[in-house]
Amino acid sequence: MNIRTKAMIAGTTALAGIALASAASADAHGGTFTIGITQNNVGVDSYQTTYEEAFIAAAEANPNVEVVVLDAGGDVSRQIAQMQDLVQQEVDAIIIWPTNGQAVIPAVREAYQAGIPVIVTNSNIAEEGFDFVSSFSGPDNITQGSRSAEIMCDRFIELGIENEARVVQISGQPGYTTAIERAQGFEDRLPEVCPNVTLVETQPGNWNREDSQRVMEAFLVQYDDIDGVYSGDDNMGVGALNAAIAAGRAEGITFVGATNFAVGYDAMGRGEYWGSIYQSPVDDAEAALATAIAILNGEEVPFLNYFDTPKITQDNMDEFDRPVF
Amino acid sequence: MKSDNMSNLIKNGAIWGFIVLELIFFQIAGEFWSLSERAFMDLDNMLLLLKQSAPIGIIAVGMTVIMINGNIDLSVGATYALCAIVMLDSMSWPFMESLGDWAIPLAWLFALLTGAVLGLINGIIVWKTGVDAFIVTLGSMLGYRGLVFMYNGENPTYHLNWTMVDIAEWDLFGVETPALVFLAVALIVWFVMTRTVHGRNAYAVGNNREAAVNAAIRVGPHMLINFVLIGFLAALSAVTFYSGSGSVNPNDGMLFELWAITAVVLGGTKLIGGAGSIVGTFGGVIAIQLLRKGLGHIGADTATVNLVIGLILIAVLFLDRQLNVKGKEELKV
């Protein structure tokens with residue numbers, strides 16, 4: 001009696017699970033390629049949520065592709081288990097959005113040893129793992145930084161201050177590749193396009209709006225003349241903007257970020273923030289799938305396969321949707 | 001007495017019935033929904049399942065002993081992360097680097113010692129203050145996690161050593177190291193719990209602490225040993241897992257305590273203590289991993305997996321309660 005009740009309950013709960021599950025699973029057998037993806041943490045921000053939706057939509061639009069969509073929920077051990085499962089299921093290719101750029105390397109090696117091509121998406125794994133990866137598909141942080149320099153310089157030329165302007169930089173968290181590359185791209189490009197503009201000081205804002213605001217407050221006290229602020233993303237850029245508004249000095253300053261966030265987009269709409277770099281999760285997802293398909297078709301794919309991240313400023317912002325993040 | 005045995009048999013057997021049900025279900029459902037050509041009940045897949053069960057399984061074995069005692073340990077996830085950090089960070093200390101690959105066993109030793117010491121701290125506080133283990137380990141969970149973040153901030157701690165990875169991926173007839181460790185731990189602790197005085201005392205303490213004291217069982221030291229054991233096992237779990245991955249995020253191991261408790265409860269161990277078995281816990285661990293893996297196999301997403309496991313846990317607890325209510329109505333002899 002008890003066993004039967006238990007079995008029944010187990011059965012019904014399992015059925016409830018399946019009803020939900022079938023919506024998430026790809027619809028039918030018989031596709032040419034089966035591609036598995038293990039994502040970092042889908043629910044945690046809307047960039048990742050939009051990425052997943054776009055990825056599934058792109059896969060459904062392609063009749064030659066079946067996808068197994070998994071989410072590690074930010075848990076490294078779960079992501080490693082998912083990698084092993086995908087290898088065991090003998091998928092044709094695996095796309096991974098690493099929860100930890102180092103911890104997944106052995107799991108990536110397992111896939112590589114099983115002859116399954118691995119594509120890393122959005123953020124790359126550490127260099128020790130490059131040998132086991134077919135391609136990285138994601139944004140090019142250096143280009144994002146150098147395009148920000150161009151936006152900044154173009155604006156200075158418009159304002160006629162390209163020979164005297166002074167710029168401060170608020171960078172991302174020290175030690176993070178993304179932060180280092182975005183700073184590097186900006187610092188290398190700025191002297192090429194605007195040789196007479198001075199970068200007076202760089203301080204880390206740790207990807208955090210409050211930290212960045214404090215950094216900017218210090219800059220405002222320290223320097224009487226600031227014409228431009230470059231920040232590693234719009235979140236920090238808006239922190240700096242808030243500090244400048246509070247000090248009554250926002251008017252004469254050009255604010256440029258390296259990745260456009262909704263807060264930055266809104267501030268651009270209000271005319272307070274000048275420009276940024278537009279990085280779309282939809283492009284990110286579609287690029288990852290396209291890279292995987294290209295590799296499966298035997299096409300030559302560059303190891304670092306970047307997707308385009310265009311410039312966005314007050315002048316052309318109506319061509320872009322408000323970012324979801 | 002006889003019907004008591006019956007009801008125990010049903011409770012202990014239920015988890016295995018459930019596992020069989022899961023296997024059949026995923027095998028059949030896999031035919032329809034899975035994109036994989038391979039069967040779910042493939043031998044390789046089952047061996048992989050055992051390996052993937054190891055991190056939570058090793059901890060769950062220790063948790064069973066703690067819960068039979070009538071205690072609980074919420075700090076195992078933080079202990080797990082801290083021991084992983086000690087292991088990986090110690091390998092980049094200058095004197096360790098000069099040892100070459102001999103640093104590996106030493107790093108393991110450091111991690112295991114750390115786990116035992118963290119467990120010892122929990123045990124001493126529980127013993128000497130008499131504060132409920134739930135509160136003590138809730139505190140140490142936060143405290144140990146704090147230490148994890150103090151060690152390296154938000155950054156991952158990282159040391160990739162391919163020799164260590166190869167040891168972690170080594171296999172005996174297809175059973176890889178983590179699975180072997182899990183099986184060995186389960187076997188040893190099962191032996192301790194069923195064949196030794198310490199094991200019998202564990203049930204006695206959990207069943208009726210007063211009576212245990214009267215029977216001259218030294219409850220304090222007894223519990224202390226068990227807390228050291230679970231700390232050690234949390235460290236062992238970290239050693240087996242991180243030897244194969246080489247990098248730990250500061251929030252790794254979060255919710256591990258709850259997964260371990262879920263597995264233990266699914267396996268029929270009572271939250272109030274005094275009853276439970278390692279074999280049941282082993283079944284509980286396998287059942288959870290089967291669900292995770294099986295739902296993934298047929299294409300369900302992570303949220304669905306958690307929902308289903310939650311529902312099943314409630315169902316199991318409900319059944320357990322029904323069985324116990326029936327027991328109480330009977331004549332006490």
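A residue is called buried here if 20 or more other C-beta atoms lie within 10 Å of its own, exposed if 12 or fewer, and partly exposed in between. The model is a predicted one, and this count is applied to it below.

In helix H7 of chain A, the buried residues are A:Arg209, A:Ser212, A:Gln213, A:Val215, A:Met216 and A:Phe219. Viewed down the axis of H7(A), the buried residues fall within an arc of 165°, so they line one face of the helix. An α-helix has 3.6 residues a turn, so residues three or four places apart point the same way. On the other side of H7(A) are the exposed residues A:Glu210, A:Val221 and A:Gln222. The buried residues have several packing partners in chain A: strand S6 (166-171), strand S7 (198-204), strand S8 (228-231) and helix H8 (234-246).

H7(A) covers residues 209-222, and at 1.5 Å a residue its 14 residues should span 20 Å. The C-alpha atoms at its ends are 20 Å apart, which agrees.

The domain assignment places residues 141-278 of chain A in domain 2, while domain 1 is made of 2-139 + 282-308. Between the C-alpha centres of domain 1 and domain 2 of chain A the distance is 35 Å.

Strand S1 of chain A covers residues 33-39. Six of its seven residues are buried, so the strand is largely enclosed by the rest of the structure. S1(A) runs parallel to strand S2 (residues 65-71) of chain A, and seven bridges join the two. Together with helix H2 (residues 46-61) of chain A, S1(A) and S2(A) make a right-handed β-α-β unit. S1(A) also pairs with strand S3 (residues 93-96) of chain A, in the parallel sense and over four bridges. A:Ile35 takes part in both pairings: its bridge partner in S2(A) is A:Val67, and its bridge partner in S3(A) is A:Ala93.

Another helix of chain A, H10, spans residues 281-296 and contains A:Asp283. Is A:Asp283 buried, exposed or partly exposed? It counts as partly exposed because it has 17 C-beta neighbours inside 10 Å. From A:Asp283 to A:Leu296 the separation is 13 residues in sequence and 20 Å in space, taken from C-alpha to C-alpha.

Note on methods: Residues are numbered from 1 along each chain as its sequence is written. Chains are lettered from A and ligands numbered from 1 in the order in which they are written. This is a predicted model: local features need pLDDT of at least 70, side-chain atom pairs count only at pLDDT 80 or more; totals for chains, interfaces and linings use all residues. Domain bounds come from an automatic or database domain assignment. The expected span of a helix is 1.5 Å times one less than its number of residues. The arc is that of the directions from the helix axis to the C-beta atoms. Two residues are in contact if their C-beta atoms, placed from the backbone, lie within 7 Å. Two strands pair if DSSP finds at least two bridges between them. A crossover is right-handed if, with the strands pointing away from the viewer, the path from the first strand over the helix to the second runs clockwise.
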